[in-house]
Amino acid sequence: MTDVNKTGVVVQPLASKTAGQLTRWERLLIILKRDWQLYLLLAPTIIWLLVFLYKPMYGLQIAFKDYSIFRGIVGSPWVGFEHFETLFNNDQFIRAIRNTIAISFISLCVGFPVPILLAIMFNEIVNQVFKRTAQTIVYLPHFISSVIIAGIVIAAFSPSSGIVNTFIKALGFDPVYFLTRPEWFRPIFIGTSIWQEAGFSSIVFLAAIAGVNPSLYESAVVDGASRWQMIWKITIPSILPTIIIMLIIRIGNMLEVSFEMIILLYQPATYEKADVINTFIYRQGIQGGQYDVAAAAGLFNAVVAFVLVITANSIARRYSKTSLW
Amino acid sequence: MSRVSLQNIVKCYGAVEVVHGIDLEVQPKEFVVLVGPSGCGKSTTLRMIAGLEEISDGALRIGERVVNNIAPKDRDVAMVFQNYALYPHLNVSENIAFGLRIRKTPKAEIAGTVAEVAEILGLTEYLDRRPADLSGGQRQRVAMGRAIVRHPEVFLFDEPLSNLDAKLRTQMRAEIKRLHKRLGVTSIYVTHDQVEAMTLADRIVVMRDGYIEQVGTPMELFNNPVNTFVAGFIGSPPMNQITADLIGGDDAPAAMMNGAKIALPKLEALRNSEGRKIVVGVRPEHISIAPTDGASAMSIDLDLIETLGSEALLHTTVSGVPFVAKAETHGSVAHLDDLGQLYIRPDLIRVFDADTGMVLDQKLAS
């Protein structure tokens, strides 16, 4: 006797039981046996997730313990929310939260639309040679190490030999010490992030645009739509689900400000505007040896990110019927 | 309504010529169907008329204007696409109104026109729905609504029914015909389905490999195909075509195929041609199961009877060559089971040249 499940797949029951009598585990076993090749392909990803994302969660408990590397995680005594109190009484941590939110928010507002604009512009280019050349040029920074990107930025903004200051000096002005001036940090950091990632991020949107039915454009042409009208009335609405999905993901990662780029570009003189939660954790935990306080800061970061992504997903689902889950 | 005139229209993609200098005159208010197998150039021709493909050579006129270099929006044509081309993010009302909104028509006028078109097409109750929430037939009606809302001079249809199931296709076919009668707009319709072509067209244009094979009314094409291609393309089932030798002299011309003999009409074109290779064309509908005056009998082996209801298709072989006949059932196919002979009237036979495939002149010898 067989049973057809919701997806139309025929489930073969165990020996004498009907499909309705099977337990959840027995059903799982049947499905695993039937599609074992697919689950084998999935296995490396699951193992990676367990080893690198789930197992470290065990260590999160040190955020609530007076952790000592000599006593170990289990041996260290519980201290409740003491580390969180310490953090929220620390001006540097509050400053790091403020900077994280500011940098993330500005990055989101300025940086998120850029790949969409790039994708639309690439889509409008008729000359294939020019299109491919332009795409290669904007994709390239993504494949360059952040260390080299930071090196290029530092060299470009160098007060003595940098191209930017050479230009400023040529105009008759004094050189500007961009990388030591806090007010310049955010524009330089966000600009660098956009330069490095916007091109590559545009691939997703370009793929979404490629999926738009060409006859929609042809129909609009016959109806008399201009290029602008086609972009506004066809391209953007058609890729809106992709934009929303990418926005949710981006909001989820909002607090994960490009840590290595900040480490490479900031210096004590710019901490005021540059120090974010992740760099604070790095300095406290790795450099300062306060693993428990750093773990508490990291946990706070993760909880806020989790709440953000849940909220963004719910809002997206409610208003656009598009969501991650 | 406008006349559409194609004069020596050529389409090339690089060095490859796909439409080879075709000429066609579509009269105002006429419904012309371009029909042919895949790759024959019918859709390309339609897209050139719409302005979606550049014309490589020749002149295209809509009304009195040469429109070769005129943008699609200024040609005053509307097109219905095979996959409907409905905007998924807009509801039915917004989809129908799209062309008007693009042209900055006043809102009150748009609302009135959309309501009128929705009424004509029976879409009034679906105006707030998105295309995803509509059935195939409803989507097709919305696509037609988008076209008629602008009151264009010419309608272009690019295989608009090919995504529908057979029943819905028949229904929509009738709706298109009714709509054309009501609006009287010059229409050019592309399809590969000869039944659609026969039922819809005032005139049919049969195309093959970028050439026009024949232009004529459905019955002209059915009764007098100019060549074996048109004979095989128009009609369902198609015309039987059997290669044979001409025998019998001028007084009693006949076709001899593998020992079977069929009397032919005494055509002028068959005179003094004994021994010539010919193709005998007989419509399945023109074959009789009972003897009639002047009809020649032909022995058959009956393979299969396909019952269609009031009619049946008889799949037979004549001297080993497949041959299909259509017979009336009168409520039963029992009387067809033991059929051993079929009868063909010479005047209903079309004779083609075996080498060129062209029909021989039907003029009777004096």
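These are my notebook entries on a few things I looked up in this predicted model.

**Entry 1: a helix in chain A**

I started with helix 5 of chain A, which covers residues 91–111 and has 21 residues. From its first C-alpha to its last it reaches 29 Å, close to the 30 Å expected at 1.5 Å a residue.

Next I asked myself which residues of helix 5 of chain A are buried. I noted A:Phe93, A:Ala96, A:Ile97, A:Asn99, A:Thr100, A:Ile103 and A:Ser104.

**Entry 2: where chain A touches chain B**

I then turned to the two chains together. Here 13 residues of chain A are in contact with 16 residues of chain B. On the chain A side, helix 11 (214–223) and helix 12 (227–252) are the elements that give two or more residues. Helix 11 of chain A gives the most, with seven residues.

I also sorted this side of chain A by class, and wrote down six nonpolar, five polar and two charged residues.

**Entry 3: the two domains of chain B**

Chain B is divided into domain 1 (4–232) and domain 2 (239–353). How many Å separate their centres? Taken over C-alpha atoms, the separation is 38 Å.

The two domains of chain B do touch: the contact takes five residues from domain 1 and six residues from domain 2. On the domain 1 side I found two nonpolar and three polar residues, with no charged residues.

**Entry 4: a sheet in chain B**

My last stop was an open sheet of five strands in chain B, in the order 13-12-11-14-21. The pairing is antiparallel.

Which strands are at the edges? They are strand 13 (260–263) and strand 21 (350–353) of chain B, and each pairs on one side only. From one strand to the next, the twist averages 40 degrees.

I zoomed in on one pair to finish. Strand 12 of chain B, residues 254–257, is joined to strand 13 of chain B by four bridges, and the two run antiparallel. For B:Met256, I traced the bridge partner in strand 13 of chain B to B:Lys261.

Terms used:
Residues numbered from 1 in each chain as written. Chains lettered and ligands numbered in written order. Predicted model: local features only at pLDDT ≥ 70, side-chain atom pairs only at ≥ 80, totals over all residues. Expected span 1.5 Å × (residues − 1). Buried ≥ 20, exposed ≤ 12 C-beta atoms within 10 Å, placed from the backbone. Contact = placed C-beta atoms within 7 Å. Nonpolar A, V, L, I, M, F, W, Y, C, P; charged D, E, K, R; others polar. Domains from an automatic or database assignment. Pairing = 2+ DSSP bridges. Axes fitted to C-alpha atoms, helices over the stretch in contact; angles between N-to-C directions.
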